[in-house]
Amino acid sequence: MSNLKAQITLPTKSPEAEISQRIGITDVTIHYNRPYVKGRKIWGHVVPYGFNYLGFGTAKAAPWRAGSDYNTTVNFTHEVSIQGNKVPAGKYALFMAPEENGEVTIILSSNTTSWGSYFYDPKEDVLRFKVISIEKDSSIEMLTYSFNTVEPTSATASLQWGTKEIPFKIDVAVDDIVMTGIRNDLRNPKGFQQSTWDSAANYAFSIGQLDQALDWINASIKGNFFSKETFSNLSMKSRILEKQGKNAEANNMLQKAIPFGSSEELYRLGLGFIMNGRIDKAIEIMKANVKHNDGAFPSHYGLARAYSAKKDYKKALKALEKTGADTPEHFKTRFIKYKARLTKGEGI
């Protein structure tokens, strides 16, 4: 009959939870159980200060499990830096040892499967660092982890319980990780597609690695079985060359790209020049769009925007009036207002 002791599933007193935040392409995931305050005095009592013998297990100086029940764990899909300390990708137990003065020792341990910290072993420490906790005016009833501040290359994770918050900053070398991933992708089946090389060049360009961007876009243009000239790769090469200060080469490459561009692609290109304050160049591109795409929408509209940016409202109005039957209905309604504004000498 002893085998009849049922392993039934019951709710825990401290519900299980998980929170995840992506930084660049790196996922940071914290898995924990959430105890309640329930009117108790937490810091220095439920959570004793410092390292302590907990009355059971082998640890004579144990930190707090930073949650309840099983180890709280944190997982990183790529290498990160925590408070300036590098940590390899992987899963770690998260322990904390708060002090009465507000200082908190945070520990990452390789032992992720223990119940609590009764068998904590400092030999399994991967990292120890210290932070300063924050006293809050209001109290959080359930222990909560959150990512309060998220930036393109970092996030601040915080434990909040009772009136205390314990933050720690996680930095990620996003560009290095992405570039490493791109180089791997270019060697696997993804690299057998021209679009992969275009995307790789675009990313390298966006982070200022111009020589690498040029190598990759050249591979898209010629030299491989998938290579061919497109508006996308020729215009990207023009941007790279211009950024390198090779203006004549950049302009020649742009002229080569124009016949490949759809009306929408050339419109977006011209719009980019408008936004960068290069109005004459925008007018040149928008005129080429009208010519090479037989006035298809939004070529005349783009030319109207370029002339409007130059404050040549008469030419802008003339261009706008040439938009054809392929103009979407919602634009036709908008154009009534635009024409009225241009007639009054106001920009669009």
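The model I am reading is a predicted one.

**Entry: second largest pocket**

I sorted the lining of the second largest pocket by class and got 14 nonpolar, 6 polar and 5 charged residues. This pocket holds about 420 Å³ of space. I then looked up its lining, which is made of 25 residues. Closest to the centre I found V46, W64, R65, G67 and S68. Strand β6, residues 90–98, gives the largest share of this lining, with 3 residues.

**Entry: largest pocket**

I turned to the largest pocket, whose volume is about 610 Å³. I found 22 residues in its lining. Nearest the centre lie S235, M236, R239, L269 and F273. Which helices each supply at least two residues of the lining? I noted α2 (194–206), α4 (231–243), α5 (247–257) and α6 (263–275). Helix α4 makes the largest share, 8 residues. By class, I have 7 nonpolar, 8 polar and 7 charged residues here.

**Entry: the six-stranded sheet**

Next I traced the strands. I found an open sheet of 6 strands, in the order β1-β2-β3-β6-β7-β8. Its pairing is antiparallel. At the edges I found β1 (16–23) and β8 (125–132), and each of them pairs on one side only. From one strand to the next, the twist averages 25 degrees.

β3 and β6 run antiparallel to each other and are joined over 4 bridges. Which residue of β6 stands opposite F76? I found G90 there.

In it, I82 stands opposite N85 of β5.

**Entry: Q83, between β4 and β5**

I stayed in that region and looked up Q83. This residue lies in the loop between β4 (80–82) and β5 (85–87). Its phi is positive, near 50 degrees, and Q83 is not a glycine. I made a note of that for a reason: most residues other than glycine have a negative phi. Is Q83 buried, exposed or partly exposed? Q83 has 37%, so I count it as partly exposed.

**Entry: the loop between α7 and α8**

I looked up D294 next, and it lies in the loop between α7 and α8. D294 also has a positive phi, near 50 degrees, without being a glycine. Exposed means over 50%. D294 has a relative accessible area of 72%, so I count it as exposed.

P298 lies in this loop between α7 and α8 too. I checked the peptide bond from F297 to P298 and found it cis, with omega near 10 degrees. I marked it, because most peptide bonds are trans.

**Entry: helix α8**

How many of the 11 residues of helix α8 are buried? I have 9, so I call this helix, residues 299–309, mostly covered. The buried ones are S299, H300, Y301, G302, L303, A304, A306, Y307 and S308. I then asked what covers them. The cover includes α6, α7 (279–292), α9 (313–320) and α10 (329–343). After α8 comes K311, and its phi is positive, near 65 degrees.

**Entry: V37**

Last, I looked up V37. It sits in the loop between β2 (26–33) and β3 (73–76). Is V37 buried or exposed? Buried means under 20%. The relative accessible area of V37 is 8%, so V37 is buried.

I listed its contacts, leaving aside neighbours within four places in sequence. V37 is in contact with I42, I140, E141, W161 and G162. I also took a distance to S114. V37 and S114 are 77 residues apart in sequence, and in space they are 23 Å apart, C-alpha to C-alpha.

Notes:
Residues numbered from 1 in each chain as written. Predicted model: local features only at pLDDT ≥ 70, side-chain atom pairs only at ≥ 80, totals over all residues. Heavy atoms only, no water. Buried < 20%, exposed > 50% of the residue type's maximum accessible area, 1.4 Å probe, protein only. Contact = heavy atoms within 4.5 Å. 1 Å grid on protein atoms, 1.4 Å probe; cavity = no way out; pocket = protein on both sides within 12 Å on 5 of 7 lines; lining within 4 Å. Points joined across faces, edges and corners; volume = space filled by probe spheres on them. Nonpolar A, V, L, I, M, F, W, Y, C, P; charged D, E, K, R; others polar. Pairing = 2+ DSSP bridges. Axes fitted to C-alpha atoms, helices over the stretch in contact; angles between N-to-C directions.
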